[in-house]
Amino acid sequence: MTDPITPPPAERARLLVVDDIEMNRDLLVRRARRLGHDSGVAEDGVAALAQLRAAPWDLVLLDITMPRMDGYETLRHIKTDPALAHIPVIMVSAIDETDSVVRCLELGADDYVSKPFNATILQARIEASLAKKRLADQKRATLQALARELEIGQRIQRGFLPDALPALPGWHFAAHCEPARQVGGDFYDALVLPDGRVAFVLADVCDKGVGAALYMALFRTLLRALLSQTAAGAPADEALVKVLGFVNDYIAQEHGRDNMFATLVAGVLQPQDGVLHWTNLGHDAPMLLRAGGALDTLAPQGVACGMMPGLRPTVLRDQLAPGDALLMFTDGVTEGLGAAGRFGDERLLAFMQAGAGKDAQTLVSDLVDALAGHCDGFAAHDDVTLMAITRDAR
């Protein structure tokens, strides 16, 4: 009988033969070598597990009846060990009973061959199991490479957020951004302009994941560059209209085919007297807690940025008096899901009303903790971003 064709080097595999009878081990080792594979041996399950944990293997040919640790127990250890579970196991046993086959398959065996085995059948089972492992290995390698790329993307995206927020006498700024996936579409920014005013923005790009993250980078870069150049020395309302108008038209005209847009809140704060010029483009209304306990909201003044060319924001004027607190947030906060349902507007309203006198960092940290407690055990389905600005009471 002609020996099977030896696989090419790229298909060469390492097979571990586990059997307490030396003659059986030798027979299987010779068969593996004829197939072009390397092989090793173990006389029982204890020795097999030691070898499997000491070096990489591609397939296990496992006997059932052995001293110290039989094949069933060995198989259970292999398939419950995360480091070994991916290795295919073919049971090779003289026990030719349905119950034994079922038990092995239930424990995770990939195939079963009875002794005395047919060489052709054994070859087919070995090559089929190895082919499945190669596909699984390729999939795992692809997923690991993708995970590494996403980690790099996450690190780069976090670099788009400011290293530090403005530090001004009598004022406190704080923020938090947590994407639902490795990368997301939310961002915040705040910068001190050359004339001492503070420009800020909090935005939520539509969709999630990589696509939203790419547009997040585009929106953030355009807004920071234009705010730092255009807003300096210019009237705040005119600067906001000009900057947001340019960004809106650029996204709508140059990238309209992608149907990407961002809801956002942007403003220019004058620290000397707390005068605030702001606009809200389709975003959840920020909450403005007054020192006396009254609660105002900064309601939307237009549709999302980038939806259609020609749109210009309406800019309003307000003032943050001593003791006031402004909280901006994305809808990942109110839509945070827990056992009691959505976090919702009412919980956020109650939280804000109880936040009188808190500085920005405490306000943000307490809300992050409250949201985490509410969503305990539930996976986040949207990005969560917060930014708070508070003014010291006199």
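This is a predicted model: local features need pLDDT of at least 70, side-chain atom pairs count only at pLDDT 80 or more; totals for chains, interfaces and linings use all residues.

Me: Is H2 roughly parallel or roughly antiparallel to H3?
Reply: The axes cross at roughly 20 degrees. Angles under 35 degrees count as roughly parallel. The crossing of H2 and H3 is right-handed. The angle therefore makes H2, relative to H3, roughly parallel.

Me: How many charged residues does the contact of H2 with H3 have?
Reply: H2 contributes Gly45, Leu49 and Leu52, while H3 brings Thr74, His77 and Ile78. By class, the contact has 3 nonpolar and 3 polar residues, and the number of charged ones is none.

Me: Now the sheet: which strands stand at the edges?
Reply: The sheet is open, with 5 strands in the order S2-S1-S3-S4-S5 and parallel pairing. Each edge strand has a single partner, so one side of it is left without a neighbour in the sheet. The edge strands are S2 (38-42) and S5 (111-114).

Me: Which residue in S5 is the bridge partner of Ile90?
Reply: Strand S4 spans residues 89-93 and pairs with S5 in the parallel sense over 4 bridges. In S5, the bridge partner of Ile90 is Asp111.

Me: And which strands does helix H5 touch?
Reply: H5, residues 119-160, packs on the sheet, and its direction makes about 165 degrees with that of S5. The strands it touches are S1, S3, S4 and S5.

Note on methods
Residues are numbered from 1 along each chain as its sequence is written. Side-chain values use heavy atoms; hydrogens and water are left out. Two strands pair if DSSP finds at least two bridges between them. Helices (H or I, at least four residues) and strands (E, at least two) are DSSP runs, numbered from the N terminus. Contact means heavy atoms within 4.5 Å. Axes are lines fitted to C-alpha atoms, for helices over the stretch in contact, and angles run from 0 to 180 degrees between N-to-C directions. Angles under 35 degrees count as roughly parallel, over 145 as roughly antiparallel, 65 to 115 as roughly perpendicular and the rest as oblique. A crossing is left-handed if the near helix is turned anticlockwise from the far one by less than a right angle, and right-handed if clockwise. Ala, Val, Leu, Ile, Met, Phe, Trp, Tyr, Cys and Pro count as nonpolar, Asp, Glu, Lys and Arg as charged, and the others, Gly among them, as polar.
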